[in-house]
Amino acid sequence: MKEEKFFKVCKLSDLREMEGKRFIVPSSDDSNDEVEIALFKVDNVVYALSNICPHQHSALIYDGFIENNCVVCPAHGWMFELKTGRQPAGAKGLDVYPVKIENDEVYVAAYSKKYNW
Ligand code: FES
């Protein structure tokens, strides 16, 4: 399998516990695309998810609140597990991306996705 290409996103200390932040990062698939991601730090673990809610495609996931290891979309309350991006009850989920922490820097390998909406 091809090794993931990680891009530096921010410092670990830029992230606050339980508070999301939005970033635009290059896609790791060499497509020249960019990916909008939401980063969350919960119990000192960093999660990277797509920032685009699959419900009405709002770029609001970063602004969601955290409950039971899920992020809740602030628009209409759809919930997504931080680890898997899956909805505890429902089909559509959020993409999740691998995260690496090195010397207080957060790196993410995110992939653009062609949506068929
Ligand atoms: S846009 Fe996220 S729940 Fe509606």
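K100 lies over the face of Y107, at 5.9 Å from the ring centre. The charged end of K100 also sits over the ring of F6. Here, a charge sits over a ring if NZ of Lys or CZ of Arg is within 6 Å of the ring centre and within 35 degrees of the ring normal.

| Charge | Ring | Distance to ring centre |
|---|---|---|
| K100 | F6 | 4.5 Å |
| K100 | Y107 | 5.9 Å |

A word on the model: it is predicted, local features need pLDDT of at least 70, side-chain atom pairs count only at pLDDT 80 or more, and totals for chains, interfaces and linings use all residues. Residues are numbered from 1 along each chain as its sequence is written, and side-chain values use heavy atoms, leaving out hydrogens and water.

Now to Y107's strand, β10 (residues 105-108); strands are DSSP runs of E with at least two residues, numbered from the N terminus. E105 and Y107 point one way, V106 and V108 the other, and all are buried (under 20% relative accessible area, 1.4 Å probe, protein chains only). Strand β10 runs antiparallel to β1 (residues 7-11), joined by four bridges, with K8 opposite Y107. Strand β9 (residues 99-102) also pairs with β10 in the antiparallel sense over four bridges; pairing takes at least two DSSP bridges. V99 has V108 as its bridge partner in β10.

Finally, is S28 buried or exposed? S28 counts as buried because its relative accessibility is 5%. S28 lies in the loop between β2 (21-26) and β3 (34-42), and a polar atom of its side chain is 2.5 Å from the backbone oxygen of K5.

Conventions: Buried < 20%, exposed > 50% of the residue type's maximum accessible area, 1.4 Å probe, protein only. Polar contact = N/O pair within 3.5 Å; in protein donor to acceptor, adjacent residues only side chain to side chain.
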